[in-house]
Amino acid sequence: MRLVLLSLIILASIISITSCAKEKSQTKEPQTTTRQLDYTREVTFLNDSSEPISTVRVAVADEPEERNQGLMDVTELPSDAGMLFIFSEEQELSFYMANTPLPLDIIYVNNDSTIVRIHHSTSPFSSKQLRSGQPARYVVETNGGYCVSNDIREGQKIRF
């Protein structure tokens with residue numbers, strides 16, 4: 001009798017565990033969604049002779065909340081797209097990659113539209129401060145490798 005009772009308890013436990021596991025596997029995982037950006041402007045990179053090299057469509061971040069969010073949680077960025085950050089005045093700036101899943105080129109630009117610093121293919125999710133090193137008023141973020149692929153260098157200019 002004890003053996004039968006013990007067997008029934010074990011069988012009930014197995015059924016219960018199997019049922020819970022099946023229920024858990026049917027529960028949908030939360031979907032990871034990427035933020036959708038609205039590309040409203042263009043930034044053109046100019047060579048040393050002020051001729052266009054390339055152009056990217058950009059979402060504009062000109063308010064503090066937009067600048068703080070930047071490209072955080074953006075999991076897909078078209079090859080011809082990026083973000084333009086506009087600050088009210090020229091100052092030394094510093095960005096980092098926390099919550100940013102894509103490697104980016106971070107391009108610091110001064111009041112004269114001259115590129116003063118480029119951080120190439122930054123590391124996703126890094127908290128390392130990426131400084132402008134000089135006063136800048138604008139920052140353009142593109143996919144990592146964009147500057148190398150398009151021969152964009154410090155000292156060149158942008159137009160938007």
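## Two loop residues with positive phi

S50 sits in the loop between β1 (41-46) and β2 (52-61); helices (H or I, at least four residues) and strands (E, at least two) are DSSP runs, numbered from the N terminus. Its phi is near 65 degrees, a positive value in a residue other than glycine. With a relative accessible area of 47%, S50 is partly exposed; buried means under 20% relative accessible area, exposed over 50%, and partly exposed in between, with a 1.4 Å probe and protein chains only.

D151 also has a positive phi without being a glycine, and here the value is near 55 degrees. Look for D151 in the loop between α3 (146-149) and β7 (157-159). D151 is partly exposed, at a relative accessible area of 46%.

## What kind of model this is

This is a predicted model, in which local features need pLDDT of at least 70 and side-chain atom pairs count only at pLDDT 80 or more, while totals for chains, interfaces and linings use all residues. Residues are numbered from 1 along each chain as its sequence is written, and side-chain values use heavy atoms, with hydrogens and water left out.

The chain has a mean pLDDT of 86, and 79% of its residues reach 70 or more; pLDDT is the predictor's confidence in each residue, from 0 to 100. Residues 2-6 stay under 50 and have zero contacts beyond four places in sequence, where contact means heavy atoms within 4.5 Å. The pLDDT is also below 50 over residues 17-31, a stretch with zero contacts in the model beyond near neighbours in sequence.

## The chain as a whole

Three helices and seven strands make up the list of elements in the chain. Read from the N terminus on, they go α-β-β-α-β-β-β-β-α-β. Of the 160 residues in the chain, 36% are buried. Take the contacts between residues at least 6 apart in sequence: 69% of them join residues at least 24 apart.

P135 is in strand β6 (residues 130-143), and it is partly exposed at 40% relative accessible area. Leaving aside neighbours within four places in sequence, P135 touches E90, Q91, E92, N110 and V116.

A polar atom of its side chain lies 3.0 Å from the backbone oxygen of L77. Beyond its neighbours within four places in sequence, N143 is in contact with L77, P78, S79, A81, P103, L104 and D105.

## The largest pocket

The largest pocket has a volume of about 250 Å³. On a 1 Å grid over the protein atoms alone, a pocket is an open set of points where a 1.4 Å probe fits, with protein on both sides within 12 Å along at least five of seven lines, and lining residues have an atom within 4 Å of a point. Grid points are joined across faces, edges and corners, and a volume is the space filled by probe spheres set on the points.

Of the 16 lining residues, R67, N68, M72, F95 and Y96 are the closest to the centre of the pocket. Both α2 (64-69) and β3 (81-95) supply at least two residues of the lining. By class, the lining has nine nonpolar, five polar and two charged residues; Ala, Val, Leu, Ile, Met, Phe, Trp, Tyr, Cys and Pro count as nonpolar, Asp, Glu, Lys and Arg as charged, and the others, Gly among them, as polar.

Methods:
Polar contact = N/O pair within 3.5 Å; in protein donor to acceptor, adjacent residues only side chain to side chain.
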